[in-house]
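Thank you for asking me to look over this model with you.

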Amino acid sequence: MKSADLVRFDRMIVEALLADTAEEDDWRDWMGLILFVEDDVHCQVAWSDGVIRQEFIDNLEVISEVT
């Protein structure tokens, strides 16, 4: 992953972390843009709700990579 990649949450990983696969939630539809990668664990993501959040890289999947 690198800056400007389009991402969303890796559903299988996040559902396992939440241990709540029965309930549908809107986080499944969030898309975000990686603003910058802080280190090999964290990155800053600008989400489609307009909020910038620090996220664990392992919890994200790339939808579209910048070449």
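Predicted model: local features only at pLDDT ≥ 70, side-chain atom pairs only at ≥ 80, totals over all residues.

1. Phenylalanine 9 belongs to strand β1 (residues 6–9) and tryptophan 47 to strand β3 (residues 42–47), so the pair ties together parts that are 38 residues apart in sequence.

2. Are these two residues buried or exposed? Phenylalanine 9 has a relative accessibility of 11% and therefore counts as buried, since the cut-off is under 20%. Tryptophan 47, at 4% relative accessibility, counts as buried too.

3. Tryptophan 47 also forms an aromatic pair with tryptophan 30, and this pair is tilted, with 5.9 Å from centre to centre and 50 degrees between the planes. Here again distant parts of the chain are linked, for tryptophan 30 sits in the loop between α1 (11–18) and β2 (32–37), whereas tryptophan 47 is in strand β3, 17 residues apart. The C-alpha atoms of tryptophan 30 and tryptophan 47 are separated by 6.7 Å, and both of these tryptophans are buried.

4. Taken together, the ring pairs link Phe9, Trp30 and Trp47 into a cluster. If we leave aside neighbours within four places in sequence, the residues in contact with tryptophan 47 include Val7, Arg8, Met31, Gly32, Arg53 and Leu60, as well as Phe9 and Trp30. Glu55 is another of these contacts, and the side chain of tryptophan 47 makes a polar contact of 3.0 Å with the side chain of glutamate 55.

5. Which side chain does glutamine 44 join through a polar contact? Glutamine 44 is found in strand β3, and a polar contact of 2.5 Å joins its side chain to that of glutamate 38. Glutamine 44 has a relative accessible area of 16%, and because buried means under 20%, this residue counts as buried. Not counting residues up to four places away in sequence, glutamine 44 touches Leu33, Ile34, Leu35, Phe36, Glu38, Ile52, Arg53 and Gln54.

Note on methods: Residues numbered from 1 in each chain as written. Heavy atoms only, no water. Helix = DSSP H or I, 4+ residues; strand = E, 2+ residues; numbered from the N terminus. Buried < 20%, exposed > 50% of the residue type's maximum accessible area, 1.4 Å probe, protein only. Phe/Tyr/Trp six-rings, centres within 6.5 Å; stacked < 30°, edge-to-face > 60°. Contact = heavy atoms within 4.5 Å. Polar contact = N/O pair within 3.5 Å; in protein donor to acceptor, adjacent residues only side chain to side chain.
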